[in-house]
Amino acid sequence: MKDLLTIADLGRTGIEGLLDLTERFVEVNQRAIPKVPALRGKTVVSLFYEDSTRTRLSFETAAKRLGADTMTFSVSSSSVNKGESLRDTVQTIDAFGVDAFVVRHKSSGVPAQIANWTESAVVNGGDGWHQHPTQALLDSFTIRQHLGSLQGRTIAIVGDIKHSRVARSNIEAFTALGAEVVLVAPPTLLPPVIESWPVRVTHRIDEVLGEIDVCYLLRMQTERMTEGLVPSLREYHAMFGLTVERAARMPKDALIMHPGPMNRGVEIDQAVADSPNSVITQQVANGVSVRMAVLFRLLGSTTQLDALKEDL
Amino acid sequence: MTSTHDERDLVIKGGRVIDATGERVADVVISSGRIVAIGTDLDASIVVDAGGCVVAPGLVDLHAHLRQPGKEEAETVESGSRAAALGGYSAVVAMPNTTPAIDCAAVVREVQALGRTALCQIEVAGAITVNRAGEQLAPMAEMAELGVKIFTDDGTGVQDAQLMRRAFEYAGGLGVTLAQHCEVSALSQGTCMHEGEWSARLGLAGQPSEAEELMVMRDIALARLTGARIHFQHLSTAGSVAMVAAAKAGGLRVTAEAAPHHFTLTDERCSTYDSVYKVHPPLRTAGDVEAVKEGLRTDAIDAIATDHAPHVAHEKERPFDQAPPGMLGLEYALALALTELDLGLAEVLALLSWRPAAIAGIADDHGGMLDVGRAANLCVIDPSALWTIDASGGASLSSNVPYAGREVRGRVRHTFRTGEPVVLDGEAQR
């Protein structure tokens with residue numbers, strides 16, 4: 001595997017392999033000195049064309065804990081503002097001699113384009129509305145940690161599915177791992193043609209609360225109001241927000257998840273976000289371990305992997 | 001049969017002549033830019049072999065972007081006309097979405113001047129509105145005075161129904177034809193492909209078929225209201241084809257074209273985010289491709305027009321949603337039509353030559369029949385030649401070819417522009 005661009009590229013076996021490997025790095029991260037030299041001498045570049053503090057820091061932390069060197073390319077201080085093309089930027093950085101690009105871009109498909117222009121590994125750190133595979137892996141890992149397995153579980157994904165790369169990659173990952181996915185959104189926030197998707201769809205959150213093992217909430221962006229997709233945040237909250245009352249109607253052990261950053265009071269109530277069922281901060285913590293697994297799978301050697309196992 | 005000709009005479013020998021009147025085996029003699037004899041066993045000082053080939057009126061493209069003035073890095077009138085000649089075209093209608101737009105006499109004159117030395121006849125299309133902005137009628141009369149016969153804001157449609165009504169009425173008084181790129185911008189703004197299963201999966205903003213169909217519907221209504229002629233450009237949806245067929249059956253003066261990519265490629269091609277497959281109107285579904293093919297077979301659609309739209313590589317390498325739309329077509333249209341449409345040679349040539357010649361208002365010198373006294377605008381086609389389209393882009397300055405690797409049948413051997421052999425044995429002569 002040269003790149004990680006989509007969840008579909010992995011398939012069930014690939015996902016499970018990465019989740020198993022993640023277990024190892026969770027252990028590493030619990031050590032007093034959470035660091036292994038598995039990728040010493042490798043260089044990982046974060047190529048972020050879109051603001052993202054948490055994903056970038058999570059990847060950079062993961063790379064550093066594996067002993068890799070990191071470089072950060074952020075648009076605001078770069079030659080992109082001087083009109084340099086995507087391809088020229090990639091080839092310039094490639095000329096430094098790097099091993100992996102972690103790419104975040106507001107346009108769907110950019111990581112796939114970049115993968116065609118470089119021999120280095122490309123990790124999709126989120127592209128447009130398309131995919132965010134490491135988010136899906138860390139979410140799957142978090143669910144597995146708490147529920148043992150996703151097989152046969154029912155997971156509701158609530159909110160702006162249409163514009164969400166998190167939703168697209170999570171639907172692929174959750175269903176590949178045997179879960180049933182229910183999309184909960186007004187029709188305006190669903191992609192126009194999803195008949196072929198392996199999901200159920202409902203427009204009322206109250207219909208599914210009693211049967212779900214996980215309630216996965218998506219961030220509601222205020223710009224969707226100006227586009228006329230939802231009348232108001234108030235109405236969205238009333239129809240789709242996970243309120244304390246609604247959370248109380250979920251099974252006792254059901255998980256509450258969110259990819260962050262949250263709009264408290266819109267898609268999720270303050271008290272719900274901070275309730276014992278909420279695993280939102282664990283998602284963030286697992287993000288580092290998952291990204292260590294991904295970088296190691298792409299850049300590490302098999303012998304190193306064996307050595308690592310012994311080491312652990 | 002004996003006749004004497006001067007030393008500049010040229011005979012196209014041994015071909016099967018196919019034109020709007022039928023077909024026969026004949027030699028065609030050209031002199032001083034005109035056909036001077038058609039018959040058997042004719043001779044001339046220069047002999048061009050057409051054995052096993054079809055001799056036909058030159059092809060006419062109603063829709064090409066030659067990018068001049070303004071985008072000479074992507075294409076010029078000269079390079080585009082060379083690609084056209086290699087594709088069998090003797091005339092091409094140059095779209096006005098240049099920089100500056102062809103929206104006044106001065107720019108019309110500039111492009112016409114460039115066309116004088118081109119390898120095929122360049123018919124300049126003018127814009128309907130000033131700077132194609134859709135706000136104010138362009139000076140159509142001064143452009144018509146210079147010979148402009150087709151007006152369009154191609155690249156966008158005229159959004160304002162009242163302005164379009166006025167344009168229809170005004171054009172009627174000039175005897176010119178309005179051509180529309182049908183796309184309601186309120187439904188298509190910010191989109192980069194067809195709205196459907198693939199756009200949903202790829203996370204790309206799609207435009208529904210209805211973005212095109214609503215404007216087709218509106219313009220049929222306006223054509224009925226004003227009695228004007230309307231030509232629909234690059235129809236891409238089953239619904240559009242059906243509406244145009246119904247409008248024709250109702251007696252309205254409606255014509256339509258379809259582009260080769262809309263009868264050969266579907267939206268699934270966008271799955272690799274290769275913007276060579278990004279085009280407006282977008283590649284649609286398999287059902288739409290079938291409907292466009294059927295429209296071409298049943299005369300609901302009158303002509304194949306390439307929508308040849310060159311773009312330099314570094315612009316096509318932008319992210320899919322930011323890359324400019326368009327693909328090359330001039331060197332591939334004939335072969336794609338012969339390979340994909342399941343039509344006879346005469347029917348394909350009707351779609352590529354004499355019907356578009358009539359729509360463009362240049363039937364005096366192009367299309368129609370090969371007859372003594374007519375301008376020698378001809379192409380010679382080897383209909384059984386098999387070849388594989390390569391990614392180079394041929395004579396175009398750009399290489400945004402969506403058909404690379406595709407095996408096709410039928411290749412242009414020679415092309416004549418008013419008697420001048422601009423292409424011989426598949427090679428441009430200048």
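## Basis of the model

This is a predicted model, in which local features need pLDDT of at least 70, side-chain atom pairs count only at pLDDT 80 or more, and totals for chains, interfaces and linings use all residues. Residues are numbered from 1 along each chain as its sequence is written, while chains are lettered from A and ligands numbered from 1 in the order in which they are written.

## Strand β3 of chain A and its neighbours

Strand β3(A) (residues 100-105) and strand β4(A) (residues 121-127) run parallel and are joined by 5 bridges; strands count as paired if DSSP finds at least two bridges between them. From β3(A) the chain passes through helix α4 (residues 110-117) to β4(A) in a right-handed β-α-β crossover, that is, a clockwise path from the first strand over the helix to the second with the strands pointing away from the viewer. Helices (H or I, at least four residues) and strands (E, at least two) are DSSP runs, numbered from the N terminus.

Strand β1(A) (residues 43-48) also pairs with β3(A), in the parallel sense over 5 bridges. There, A:Val44 has A:Ala100 as its bridge partner.

## Burial of β3(A)

In β3(A), 6 of 6 residues are buried (20 or more other C-beta atoms within 10 Å of the residue's own, with C-beta atoms placed from the backbone). A:Ala100, A:Val102 and A:Arg104 lie on one side, and A:Phe101, A:Val103 and A:His105 on the other.

## Contacts between the chains

Contact joins 16 residues of chain B to 20 residues of chain A (C-beta atoms, placed from the backbone, within 7 Å). Helix α6 (residues 197-202) of chain B gives the most to its side, with 3 residues.

Notes: Contact = placed C-beta atoms within 7 Å. Buried ≥ 20, exposed ≤ 12 C-beta atoms within 10 Å, placed from the backbone.
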